[in-house]
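Me: I have a model open and would like to go through the terms used to describe it. Could you take my questions one at a time?

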Amino acid sequence: MALTATGLKESEEEIIQACDGFLRKPVSRGDLIAELARFLKHTREEAGATDPGQLESDGAPTLETLSDEVVNRLPKLAQELQAHQETWERLQDVVIIDDIEVFAIGMQKLGQEYGYSPLADWGERLEQQAQMFDMDAITATHRALQGIIDNIQKLSKIPV
């Protein structure tokens, strides 16, 4: 498959004859996926499938599903998350993949340290999406953090 910035018709015809696939810069994500799909085995996700970036409210932990030790540590976890709020908000506006990966790893560690698996899972998902440069999924997953924070605050009885 060839990727070119050329605008010359003759050059494009030569490239098309020499390669199985061809894309002209700038390439949109949709065009790249469509071209790659011609050559790679794949399955298509059905419309209406669950968005992996969204936190399902019925899957959120409750006081009954968490150990007393974890519940007692939730107020401190809420404070830790507040300390990271500025970074979280900046990353929503300015997408820097390396910074997103570092933030995601930090959230994984916080989730593990406090025994709150939804946060650790969220961080792992965000890190994977950053590594794959999946900007649409990153945006959706990024928004889901607020649901996790809201649940932590509700469970720790901290006013929102």
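**Terms and values**

Reply: Gladly! Starting from the N terminus, the elements of the protein follow the order β-α-β-α-α-α-α-α-α, which gives seven helices and two strands. Helices (H or I, at least four residues) and strands (E, at least two) are DSSP runs, numbered from the N terminus. This is a predicted model, where local features need pLDDT of at least 70 and side-chain atom pairs count only at pLDDT 80 or more, while totals for chains, interfaces and linings use all residues. Residues are numbered from 1 along each chain as its sequence is written, and side-chain values use heavy atoms, with hydrogens and water left out.

Me: Why is His 142 called buried?

Reply: Buried means under 20% relative accessible area, exposed over 50%, and partly exposed in between (1.4 Å probe, protein chains only). His 142 has 4% relative accessibility, so it counts as buried. This residue lies in helix α7 and touches Trp 88, Leu 91, Gln 92 and Trp 122, not counting residues up to four places away in sequence. Contact here means heavy atoms within 4.5 Å. Across the 160 residues of the protein, 34% count as buried.

Me: Which residues touch the most other members of the largest nonpolar core, and what makes it a core?

Reply: A nonpolar core is a set of buried Ala, Val, Leu, Ile, Met, Phe, Trp, Tyr and Cys residues joined through side-chain atoms within 4.5 Å. The largest has 28 residues, and Leu 77, Tyr 116, Leu 119 and Trp 122 touch the most other members. At least two residues each come from α3, α4 (85-93), α5 (97-113), α6 (117-131) and α7 (135-155), with α7 giving the most, seven. Leaving out residues up to four places away in sequence, Leu 77 touches Leu 110, Tyr 114, Tyr 116, Leu 119 and Ile 152.

Me: How do you know that the reach of α5 is close to what is expected?

Reply: The expected span of a helix is 1.5 Å times one less than its number of residues. α5 has 17 residues and reaches 24 Å from its first C-alpha to its last, close to the 24 Å expected. Its buried residues, including Ile 100, Phe 103 and Met 107, pack against α3, α4, α6 and α7.

Me: Why is Phe 39 called partly exposed?

Reply: Its relative accessibility is 39%, so Phe 39 counts as partly exposed. Phe 39 sits in the loop between α2 (29-37) and α3 (68-83).
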